[in-house]
Amino acid sequence: MVMPPTVLGYYLLVLVGRRGSLGGWLHEQFGIELVFTWQAAVIAAAVVAFPLVFKPARAAFEAVDGQLEQAARVLGISEPAVFFRATLPLAWRGIMAGVLLAFARALGEFGATLMVAGSMPGRTQTLSIAVYEAVQAGQDETANVLVAITSLVCVLVLLGAGRLAPGRIVNR
Amino acid sequence: MQLDIDIRKTMHSGSRKFRLDVRLRSSSRRVVIVGPSGAGKTLTLQAIAGLLRPDAGHIRLDGRLLFDSTGGIDRPPQAREVAYVFQDYALFPHLTVRQNIAFSLTRGWANPPRHRGCDAVDYWLHSFELDRLADQFPSELSGGQRQRTALARALVRRPRALLLDEPFAALDPALRGAMRRELDGLQHRLQVPMVLITHDPEDAAAFGEHVLRLHDGRLLAPESAVAAVASG
């Protein structure tokens, strides 16, 4: 979370690049090349946004009343079922709030994506990078449209997260 | 019910140390353990339910060994076939009254369906006068209704014993008497053995066939006539 995205992107390049440990193995075994593909953009966005979903999800799981899980156990419910029938539904809101925030962060991902996926129009160019390039190229109209779309999505995400966050589910 | 408990457990909390040392043997259908808060009542009940692992000793219920430290036996709570009514009822806030009651009847990884009932659930909804509240969530219920839901959820799977942790403490005094009578009638009707823990002497007077006093982790000498405490 504290690492600059470009630095993260560099680490990703080292890892999944053709000469990287994982990238080299993938290339040899399956002929897969990740760098400068849209899949690389997905990986970059996921890595950068992961802390935003991890922290709220962990907090949500920790906030689940342990007594409810105990109640389920005494009622004869197996451990995996306790998780799926009590723990997960009780933590669900917190997890979804984190997912939405992570989504917004991934939408704005720039540095790491540019490092590993480049910016090939129509192939690996993301919305945020397209805004930058449109402005650089002086295509104000394109930039306006892209910015409007991004802003709208971000506002919707924020509204959604706000509705989920203050956990309506309380025991009592 | 044949209840045979002989357990020891040491709990540490910071620099404080608490020693639980409970030995009791009873064939009563109504065992009441009375004691002030912090005496270890809940710990004892949790040990019977399998939610707390004693350091040493054994727990036997109706001839079934639930825990035995020397034999290495420690049945998980799922296999003990007891029902536990928590002090604040621990109803599942994300499920309706009907789903709460049906919880233990549904196996698998999904919760019971919201609107489809089954005979056993309908029976308990009806006998606790919860029919009209079947689709409500616990947060929408009154204290007495919550307690009835918790009792129905506990009884629906026909447990070998009903463990009650301060069942009336969360209720206001006016309701307490009524719910005592209700539980009393229910227990007579079902003949389900119960172990009730409470700090309230009135509960002991109402239910105590076999009353035990717990103080600072230890049971005191029996005072009820029916009592038969075997002190090892």
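This is a predicted model: local features need pLDDT of at least 70, side-chain atom pairs count only at pLDDT 80 or more; totals for chains, interfaces and linings use all residues.
## Surface and charge

Accessible areas here come from the Shrake-Rupley method with a 1.4 Å probe. By that method chain B exposes about 10,400 Å², of which carbon and sulfur atoms supply 47%.

Chain B carries 32 positive and 26 negative charges, whose mean positions are 4 Å apart.

## How confident is the predictor?

Let's begin with the complex: the predictor assigns an ipTM of 0.88 and a pTM of 0.81. Chain A has a mean pLDDT of 87, with 95% of its residues at 70 or more. Within chain A, helix H2 (residues 21-30) has the lowest confidence, at a mean of 85, while helix H4 (residues 66-74) has the highest, at 95. Residues 167-172 of chain A have a pLDDT below 50, and the model gives this stretch 13 contacts beyond near neighbours in sequence.

In chain B the mean pLDDT is 89, and 95% of the residues reach 70 or more. Here the stretch to treat with care is residues 224-232 of chain B, where pLDDT stays under 50. The model has 15 contacts for those residues beyond four places in sequence.

Chain A is built with eight helices and zero strands.

What radius of gyration does chain A have, and what would a compact globule of 172 residues have? The value for chain A is 20 Å, whereas such a globule would be near 16 Å. Along the principal axes, the C-alpha atoms of chain A fill a box of roughly 65 × 45 × 25 Å. Buried residues account for 38% of the 172 residues in this chain. If you take the contacts in chain A between residues at least 6 apart in sequence, 60% of them join residues at least 24 apart.

## Chain B: helices and strands together

Chain B has six helices and 11 strands. Its radius of gyration is 18 Å, close to the 17 Å that the globule rule gives for 232 residues, so chain B is as compact as a globular protein of that length. The C-alpha trace of chain B spans about 50 × 40 × 35 Å along its principal axes.

Of the 232 residues in chain B, 54% count as buried. Among the contacts of chain B with a separation of 6 or more, residues 24 or more positions apart account for 65%.

Most residues other than glycine have a negative phi. Against that background, which kind of phi does Arg158(B) have, positive or negative? Arg158(B) has a positive value, near 50°, and is not a glycine. You will find Arg158(B) in the loop between helix H4 (143-155) and strand E8 (161-165) of chain B. Arg158(B) has a relative accessible area of 63%; the cut-off for exposed is over 50%, so Arg158(B) is exposed.

Gln191(B) is another residue to look at, with a positive phi of about 55° although it is not a glycine. Gln191(B) lies in the loop between helix H5 (173-190) and strand E9 (194-198) of chain B. Its relative accessibility is 37%, and Gln191(B) therefore counts as partly exposed.

Is Val64(A) buried or exposed? With a relative accessible area of 10%, Val64(A) is buried. This residue is found in the loop between helix H3 (38-63) and H4 of chain A. Leaving out residues up to four places away in sequence, Val64(A) touches Glu69(A), Thr87(A), Leu90(A) and Ala91(A). Val64(A) and Gln125(A) are 61 residues apart in sequence, and their C-alpha atoms are 41 Å apart in space.

In chain B, Ala169(B) sits in the loop between E8 and H5. Ala169(B) is partly exposed, at a relative accessible area of 29%. Which residues does Ala169(B) touch, not counting residues up to four places away in sequence? They are Gln87(B), Arg176(B) and His199(B). Ala169(B) and His199(B) are 30 residues apart in sequence, with a C-alpha to C-alpha distance of 8.8 Å.

Conventions:
Residues are numbered from 1 along each chain as its sequence is written. Chains are lettered from A and ligands numbered from 1 in the order in which they are written. Side-chain values use heavy atoms; hydrogens and water are left out. Helices (H or I, at least four residues) and strands (E, at least two) are DSSP runs, numbered from the N terminus. The radius of gyration is taken over C-alpha atoms; the globule rule is 2.2 Å times the number of residues to the power 0.38. Buried means under 20% relative accessible area, exposed over 50%, partly exposed in between (1.4 Å probe, protein chains only). Contact means heavy atoms within 4.5 Å. pLDDT is the predictor's confidence in each residue, from 0 to 100. Lys and Arg count as positive and Asp and Glu as negative; His and the chain ends are not counted. The place of a charge is taken as NZ of Lys, CZ of Arg, CG of Asp or CD of Glu.
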